[in-house]
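Hello,

Here is the structure we talked about. Please look through it first, then read the notes below it.

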Amino acid sequence: MPAHDVLIIGAGLAGQRAALAAADAGASVAIISKVHPVRSHSVAAAGGINAALNPEDSWESHAFDTVKGSDYLGDQDAIEIMCREAPDEILWLEHAGVTFHRNGTGHLGTRAFGGASQARTYYVADITGQAILHVLYERLMQHHERVDRYEEWFTTRLLQDETGACIGCVARDIRSGTLEVFNAKNVILASGGAGQVFKPTTNALICTGDGIAQAYRIGAPLMDMEMIQYHPTTLAENGFLITEGARGEGAHLYNAQGERFMEKYAPNKLELASRDVVSRAEQTEINEGRGFPDGTIALDITKVPRKRTLEALREIVNIGKDFAGVDITREPIHIRPGMHYIMGGVKTDFDGQTPIPGLYAAGEVACVSVHGGNRLGANSLLDTLIFGRRSGDHAAQRARGIAMPKSPVSVLSDAQAEIDAILGRAGSGSPGRRISEIKNELGETMNRYVAVFRDAEGLATAHAIVQRLKQEAPNAAIDDKGTVFNQDVLAAIELGYMLDVAEAIVMAAQERRESRGAQFRTDFPARNDADWLHHITVSLNGDGPGLGTAPVTITRWEPQERTY
Ligand SMILES: Cc1cc2nc3c(=O)[nH]c(=O)nc-3n(C[C@H](O)[C@H](O)[C@H](O)COP(=O)(O)OP(=O)(O)OC[C@H]3O[C@@H](n4cnc5c(N)ncnc54)[C@H](O)[C@@H]3O)c2cc1C
């Protein structure tokens, strides 16, 4: 059995940054990823990463914008740490080799992003995530003596000792189908978000909420699960993202009557209000009949000089051509709000620790909570790196004081029995529906009832459908009975994770009877600080979810009315 001081599940930006920090602190590290690390979803991040690095900017201003963006649900102590540490992290990345854009004077250049009072987003054209991920991976390879990489290994569950501490995981080598038990003094979950719970989504097929469900299943509380970000500019056909960088560079939004409607909803920030505000404005225009017949709004990127678009937004030039047949440098492209990001996740402190000893979480799987009710664009890459690094460092220090745990051999046979049970199911044509059909129904349900606007009736419908799908999922058809790259088995396990995550999202959304950030309840349209200025938690209680609360930390910014 492999045994390490620090075992990291996930090799996106959070996981790789955690691995580098833990290795630098002297720990022996393993990093597991169900895809090759540079195919992790962080590779899709486009627009950039925030930091108050310019002399005329300040971390306090960045922190206030983040608190306001969160609709005062973000924990201000964690936000202060993230914003204070951001400038050094950007410089660390730059020195590591990330080729951030430089302006005409040769200094690091910024672009504007939504909800920010200063242009403080650092970027590499519109491939910022790819640029950072590749540099981190080069560094990881340099650390090969300390970091063992398990690429295309799928973690099926977390392991605990008799005291409840997390002591490792079980993972399946996707290439051979072999199961292995990994022992570890500490486990860091860095397994990303859960966008596939919705359909469509901007997230890749691999974003199935595995880590959120795995942590929940061993008793870790989830927090802010009701807070689902709909991004204002996604393609109607397939959910592909048109980066906020487009509006940052000067693109405008118009309804079908040619009105620049953001003048009504956010007269000061216009298209660069925070995402929840812009998405709601678009959906209101569409719902009230001022959208286009295909249920969209127009994003006009021709306002940006063509040369600049071709230089700084070249990926979305390609996306426009390839997936919508539109040359965005010459004509508007039709977009609508689409599911993009989950603000909630596994509850942690600002060193990534969960309440379960030995279990950490960082990145989109986690909820520190720096995003609260609504994440500002370009704050997520920052979150992954700051709290990934802090988790890796803290876990390495913790490893020094404890002995290596060892899981009983029976763990492996139990895990194998679970896989065998999946393989033993009937194939399609049997009464069981295909996994993809159940997944589609889940995604479309969530996108219909748990979207930009919500109400009690719709949420109750979503809850009932999720319960029915949970009953159905264990009998979904399995066609592939082989061992090599068996995606059917993995999809069956992922479906179970997605249903757990969906249940937590819906129940938290039902519980929060007010409107705040990304949660807009048409039956409770006002923010209500007197009753709801707290986090909602979801924890496993017996066989099902139990709801609780956690206080919001306020350090210096008292809640105010939020206008842009
Ligand atoms: C299209 C798009 C554009 C974006 N642009 C920006 C941007 O410009 N700026 C910004 O700040 N944010 C942006 N975001 C958000 C940001 O990219 C993500 O929140 C962030 O990259 C998540 O990083 P992560 O390390 O937490 O997870 P990921 O990068 O998703 O990595 C998750 C890792 O976990 C592994 N994993 C998952 N489950 C398992 C399992 N069961 N077993 C083994 N391994 C597993 C995966 O293989 C992967 O390695 C964007 C998001 C999208 C969808």
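**Tyrosine 564**

Tyrosine 564 sits in the segment that follows β21 (544–551); strands (E, at least two residues) and helices (H or I, at least four) are DSSP runs numbered from the N terminus. This is a predicted model, in which local features need pLDDT of at least 70, side-chain atom pairs count only at pLDDT 80 or more, and totals for chains, interfaces and linings use all residues. Residues are numbered from 1 along each chain as its sequence is written, and side-chain values use heavy atoms, with hydrogens and water left out.

Is Tyrosine 564 buried or exposed? Tyrosine 564 is buried, because its relative accessible area is 8%, and buried means under 20% (exposed is over 50%, partly exposed in between; 1.4 Å probe, protein chains only). Leaving aside residues up to four places away in sequence, Tyrosine 564 touches Lys68, Gly69, Gly115 and Ala266, among others; contact means heavy atoms within 4.5 Å.

**Threonine 66**

Threonine 66 belongs to helix α2 (residues 59–69). Threonine 66 is also buried, as its relative accessible area is 3%. Its contacts, again without residues up to four places away in sequence, are Ile79, Met82, Cys83, Val370, Leu376 and Asn379.

**The ligand**

How many residues surround the ligand? There are 38, and the closest are Ser40, Ser42, Glu364, Ser380 and Leu381; a residue counts if one of its heavy atoms lies within 4 Å.

- a polar side-chain atom of glutamate 364, at 2.6 Å
- a polar backbone atom of leucine 381, at 2.7 Å
- a backbone N or O atom of alanine 11, at 2.8 Å

**The cavity**

Rolling a probe the size of a water molecule over the atoms shows where empty space is left. A cavity is a set of points, on a 1 Å grid over the protein atoms alone, where a 1.4 Å probe fits but cannot get out; lining residues have an atom within 4 Å of a point. Grid points are joined across faces, edges and corners, and a volume is the space filled by probe spheres set on the points.

The count is 1 cavity of 30 Å³ or more. The largest cavity holds about 70 Å³ of space. Its lining includes Ile228, Tyr230, Asp276 and Arg280. β11 (228–234) and α8 (275–287) each supply at least two of the lining residues.

Regards

How values were computed. 1 Å grid on protein atoms, 1.4 Å probe; cavity = no way out; pocket = protein on both sides within 12 Å on 5 of 7 lines; lining within 4 Å. Polar contact = N/O pair within 3.5 Å; in protein donor to acceptor, adjacent residues only side chain to side chain.
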